[in-house]
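Colleague: I am new to this structure. Please walk me through how to read its main features.

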Amino acid sequence: MPRKLTDFKVLTFDCYGTLIDWESGMFTALASLTSRLPTPLSRDAILEAHARHESAQQADTPAMRYSELLAVVYARLAAEWGLTITNAEAAAYGSSVGNWPAFPDSAGALKDLQKHFKLVILSNVDRASFARSNEKLGVTFDAIVTAEDVGAYKPSDLNFDELLRTITAMGLTKGDILHTAESLFHDHVPAARHGLARCWIHRRHAQGGFGATRPVDNAPDVDFRFTSMREMADAVAKEAAAG
């Protein structure tokens, strides 16, 4: 029999793309660079180029702090587009994460979900960057696991191994987890390898494509799919009311 949302005890979240609107944040923070392109690129073309360079750099330098890695990505984009930049420009982009906006529904949905679940973050950022984003989310998470803590970036299995150790230390089991994320590449594919139940927050449902994440050829099945955090939180409330 399929499980219900309320059968789970802990929601483990990707943050950027799921709770924080990283695509809008990136696109805005890159404007000083992309405005200098001789031939304008579409929003998705910019995000897809960013995804290529980011995932390659994360694989090359898994222990690099995310803020520093973003500065390298900025330089790689400038080189691809034939643009000259300064180190200060690259560093400013690296520190822009804290300015990336939360999706409008994230804070309220998290507050409602916290009535029913423990909430845990599994994020591809550094602690300082996440702390600034967390201010926009309005909840205190029960545990936070970042790429900085692990020394690797999702979709590495190391991140999910550390997540499972964290959950075990909380007195919970793998079967208690519903991993909740937008990115198929960063989250759903490796979560499937680890046998985790999965909820897809399909933020890009209206425009399609993969945007700031790398494409996947064979997307795994998911246990639940919603187009927003609010839709998920409302579904949980409906289940809880039904008993």
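Colleague: Is Asp-112 buried, exposed or partly exposed?

Modeller: Asp-112 is partly exposed, with a relative accessible area of 25%. Buried means under 20% relative accessible area, exposed over 50%, and partly exposed in between (1.4 Å probe, protein chains only). This is a predicted model; local features need pLDDT of at least 70, side-chain atom pairs count only at pLDDT 80 or more, and totals for chains, interfaces and linings use all residues. Residues are numbered from 1 along each chain as its sequence is written, and side-chain values use heavy atoms, leaving out hydrogens and water.

Colleague: Which residue forms a salt bridge with Asp-112?

Modeller: Side chains of opposite charge can pair when their charged atoms come close. A salt bridge here is a side-chain nitrogen of Lys or Arg within 4 Å of a carboxyl oxygen of Asp or Glu. Asp-112 pairs with Lys-115, the closest N and O atoms being 3.6 Å apart. Lys-115 is exposed, at 62% relative accessible area.

Colleague: Where do Glu-23 and Arg-204 lie?

Modeller: Their side chains meet in a salt bridge (2.8 Å, N to O). Glu-23 lies in helix α1 and Arg-204 in the loop between β5 and β6, so the pair ties together parts 181 residues apart in sequence. Helices (H or I, at least four residues) and strands (E, at least two) are DSSP runs, numbered from the N terminus. Both Glu-23 and Arg-204 are buried.

Colleague: In what order do the six strands form the sheet?

Modeller: Strands pair through backbone hydrogen bonds, either parallel or antiparallel. Here the order is β3-β2-β1-β4-β5-β6, an open sheet with parallel pairing. Two strands pair if DSSP finds at least two bridges between them.
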